[in-house]
Amino acid sequence: MKLSVPGTRRTTSSIPGGIPGRVPGRRTTAAATAAATGLALVGLLGAAAPAQSAQAPARASAPSAVLAAPDIPLANVKAHLTQLSSIAAANGGNRAHGRAGYLASLNYVKGKLDAAGFTTSVQQFTSGGATGYNLIADWPGGNANQIVMAGSHLDSVTAGAGMNDNGSGSAAILETALAVSRAQLKPTKHLRFAWWGAEELGLVGSRYYVNNLPTAERAKISGYLNFDMVGSPNPGYFVYDDDPTIEQTFKNYYAGLGIATEIETEGDGRSDHAPFKNVGIPVGGLFSGADYIKTAAQAQKWGGTSGRAFDACYHRSCDSLSNINDTALDRNSDAIAYAVWTLSGAA
């Protein structure tokens, strides 16, 4: 999730077939100009074993409709996190915009998706004098006039590796996309996944993408699902309340697990759903909390420690592999798959 600091920057963009201009939001960003897509990217890192955690995920019965969606293996999601952590360690300790760690992170995700049969494209922009990248992945088939899109920002802040913010969301939607491939899913609607650059600088990548979508292409997106911090160490279970259908889909999933949710307010306007919402695209998503403090009532409902932040390592160097709650990451990953299957007409 991006820093909440005062200040205004302006984003401009112009790519062939796109619409230059700005999308209003709570913050705008540094000047963004178009460049080539489909870049020649560096080689991929090899797979690594997932890190061990003392937190064992709790299992519960899901709603009957979720049976059509797969259980997302926690070990696989954590293996992606381990790779992102290794990438950060090899590149100055972070995966921030304009740094080598970000591009290496993008290469890792792109390689997995290419091998799984997705059609990937890389969108390039400039912000703060540095080149940034969005990664877009389309699953073949489905109604191209009705697109269900899931996205997460892939960049970290410069202070650390960003395992919860937002390795957690990036790894969860990557493994969901790979589950789509394993199932050879044939959804009614078209499925698209995205990993955004420079979110921490003010939603630069996602805003650039939305700004440069022709109006007709915007109209094809029936829903955008955002996942920014889904493994907080002292977690809450928050659901975006923007679009009623998307909101109810997530609530149904958690009701089936017997887990009460709350409306997400901490991240309003502060993550990559905002540019989509600002142009009228239905949005929704999940969130496990950042630097807001967990109340006694929330601790009674969800466990964890009251009087402490949901993520005390938010935007700090300690946002490492040990800063992940396995139970929250596991539940939210499964909820993502449930929503993707359900909203795309695959369930």
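In this predicted model, the loop between strand E4 (189–196) and helix H4 (204–211) contains alanine 198. Most residues other than glycine have a negative phi, and most peptide bonds are trans. Alanine 198 has a relative accessibility of 1%; because buried means under 20%, this residue counts as buried.

Methionine 229 is found between strand E5 (221–227) and strand E6 (238–239). Its phi is about 75°, again positive although the residue is not a glycine. With a relative accessibility of 0%, methionine 229 also counts as buried.

Asparagine 166 belongs to helix H3, which covers residues 163–183.

Asparagine 166 is also one of the residues touched by phenylalanine 227. Leaving aside residues up to four places away in sequence, phenylalanine 227 touches Ala150, Gly151, Ser152, Asn166, Gly169, Ile173, Phe250, Gly285, Leu286 and Ile336.

These contacts lead to the interior of the model. In soluble globular proteins, nonpolar side chains tend to be buried together. Here the largest nonpolar core has 70 residues. Phe227 is among the residues with the most contacts inside this core, together with Leu113, Phe118, Phe193, Trp195 and Leu286. The element that gives the most to the core is helix H9 (residues 326–343), with 10 residues. Apart from this core lies another, of 12 residues, including Ala194, Tyr209, Val210 and Ile221.

The last feature to consider is a covalent link. A disulfide is a covalent bond between the sulfur atoms of two cysteines. The structure holds one disulfide, and its partners are cysteine 313 and cysteine 318, with an S to S distance of 2.1 Å. The torsion about the S-S bond of cysteine 313 and cysteine 318 is about -115°, and the disulfide is therefore left-handed. The reason lies in the cut-off, because a residue counts as buried under 20% relative accessible area and as exposed over 50%, with partly exposed in between.

Conventions. Residues are numbered from 1 along each chain as its sequence is written. This is a predicted model: local features need pLDDT of at least 70, side-chain atom pairs count only at pLDDT 80 or more; totals for chains, interfaces and linings use all residues. Side-chain values use heavy atoms; hydrogens and water are left out. A nonpolar core is a set of buried Ala, Val, Leu, Ile, Met, Phe, Trp, Tyr and Cys residues joined through side-chain atoms within 4.5 Å. Buried means under 20% relative accessible area, exposed over 50%, partly exposed in between (1.4 Å probe, protein chains only). Helices (H or I, at least four residues) and strands (E, at least two) are DSSP runs, numbered from the N terminus. Contact means heavy atoms within 4.5 Å. A disulfide is a pair of cysteine sulfur atoms within 2.5 Å.
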